[in-house]
Amino acid sequence: MADTYDFGLVGLGVMGRNFILNVADNGFTAFGNDLDEEKVTALITEGGNTDKVNASTDVKTFVNALTTPRKIMLLVPAGKVVDIVIENLSIYLDKGDIIIDGGNSFFTDTDRREAYLKGKGINFFGAGVSGGAKGARRGPSIMPGGSREAYQHVKPIFEAVSAKYKGEPCVAYLGPKSAGNYVKMVHNGIEYGLMQLTSEIYDLLKKAGGLSNAELHQTFAKWNEGRLQSFLVEITSEIFEQKDDLGDGELVDKILDKAKQKGTGKWTSQNAMDLGIPVPTIDVAVSMRELSALKDERIKADKLYDRPTPNVVEKADFISKAEQALYFAFIITYAQGMHQLADASKEYGYELELGEIAKIWRAGCIIRAALLADITDAYQANEKLENLLLSPSFVEKVKETVAAARQITAYGALNGIPLAGLSNALTYFDAYTSSRLPLNLIQAQRDYFGSHTYERVDREGIFHTEWEDN
């Protein structure tokens, strides 16, 4: 075994074990730590009992096995566990050592931990990791933020293990403080939106188009060869082929329609409200998971109300319009997420480069998609782009698909098929592209009952009217 190791990792679950093996595969020695003896043994065995990989359940042994400055990554559940691990490690660490939180920690927790460890002379930064267990093994997208100087010590390792897009590593230093965890949070919010939209189009094609699972597989597989090429569309096509090991038919039809969540989508939505940034497609994606949990109530309600029988459609034309609608809504969802990142960067001093973020999302992560290459180009062409919908290249993409989005949304409304994500994407677009909204009436109402004042379109200043005297 090696005398000292280049990289340390705490948390040897599937994600952690795969990440540390990825590090070893790319020319670095790595040492793992976990309280579970079985996980420690599994890592050593899977690492081939070579001098590249080792592990221990003992924290002191783990820390002493690392070269200085020590580079220790945490892949443990977010919350109190992170604080406990930090306390256990900090006893044995020296000034200048580095702790990296690779989990989905809430960004304010990262700021708090960074300030706490800075007082001890220890560097701390958050690095969002996306790609799931397979991505951790084969190459994830990594989103680090914090001390730029500290990141330089980890940069060679992260660039080696990250996914590659046309040879470029899908990792980049994003900004100070909790920039990395914040970007990962919004990444997950976008993920919620894209998943909701994909599920709606599936529902529409099944109920209205009458597509079988085999046809759904063929449809999504074909879409994945075009402008909708993405990880989520790819795996969706594969899901429709999966046979049920416990019964007849395909597995997708046997899965209960109650979607769970770990909270990152909700965090994105809540923080967007704090910032005053509209992300309705992400908001409703969170709400639909919550609504799905009301299964018993939904069954009762279904028996109380009539639902229209979907009108017959011409299958090929309907599939074409559904593709256009999904592409339109994907653009809107990315636009909302990028808008939130831009505003958060100003609010929290992250100094984010949106083109760089889109760039490292092009491979490895869950929301990777061909569309991200176009998003990268849009922000590199105009670093101060306020919204993706203002990019000349995206204006044409939206114009080509919005009519189909309107038709599909209207069909869903008339035929009782819920399309919450798509309809919210369309409403966001219509509102954002309207130079005049009816919110003048809301301001009048607010002034009427609460003397909240209003502004005018024809002159400067703040005004109040004694409405009841009129």
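Analyst: R17, I20 and L21 in helix 1 meet A42, L43 and E46 in helix 2, where a contact means heavy atoms within 4.5 Å. Helices (H or I, at least four residues) and strands (E, at least two) are runs assigned by DSSP and numbered from the N terminus. The model is a predicted one, in which local features need pLDDT of at least 70 and side-chain atom pairs count only at pLDDT 80 or more, while totals for chains, interfaces and linings use all residues. Residues are numbered from 1 along each chain as its sequence is written, and side-chain values use heavy atoms, with hydrogens and water left out.

By class, the contact of helix 1 with helix 2 has four nonpolar, no polar and two charged residues. Here Ala, Val, Leu, Ile, Met, Phe, Trp, Tyr, Cys and Pro count as nonpolar, Asp, Glu, Lys and Arg as charged, and the others, Gly among them, as polar.

Two packed helices are described by the angle between their axes and the distance between the axes. The axes of helix 1 (residues 14-25) and helix 2 come within 11 Å and cross at roughly 30 degrees. Axes are lines fitted to C-alpha atoms, for helices over the stretch in contact, and angles run from 0 to 180 degrees between N-to-C directions. Helix 1 and helix 2 are therefore roughly parallel to each other; angles under 35 degrees count as roughly parallel, over 145 as roughly antiparallel, 65 to 115 as roughly perpendicular and the rest as oblique.

The open sheet has seven strands in the order 3-2-1-4-5-6-7, with mixed pairing; two strands pair if DSSP finds at least two bridges between them. Strand 3 (53-56) and strand 7 (141-145) stand at the edges with a single partner strand each, so one side of each has no neighbour in the sheet. On average, neighbouring strands of this sheet are turned by 25 degrees against each other, direction ignored. Strand 1 (residues 7-10) and strand 2 (residues 30-33) run parallel and are joined by four bridges, and G8 stands opposite F31 in strand 2. Helix 2 (residues 37-46) packs on the sheet, touching strand 2 and strand 3, and its direction makes about 170 degrees with that of strand 3.

Another pair of helices can be read in the same terms. The axes of helix 4 (residues 80-90) and helix 5 (residues 107-118) come within 12 Å and cross at roughly 15 degrees. Helix 4 and helix 5 are therefore roughly parallel to each other, and helix 4 passes helix 5 in a right-handed crossing. V82, D83, I86 and E87 in helix 4 meet R112, R113, Y116 and L117 in helix 5. This contact of helix 4 with helix 5 comprises four nonpolar, no polar and four charged residues.

Helix 8 (residues 179-207) and helix 11 (residues 264-275) pack at an angle of about 105 degrees, with their axes 8 Å apart. That makes helix 8 roughly perpendicular to helix 11. Helix 8 contributes Y182, M185, V186, N188, G189 and Y192 to the contact, and helix 11 contributes T264, G265, W267, T268, N271 and L275. The residues of this contact of helix 8 with helix 11 divide into six nonpolar, six polar and no charged.

Note on methods. Left-handed = near helix turned anticlockwise from the far one by under 90°.
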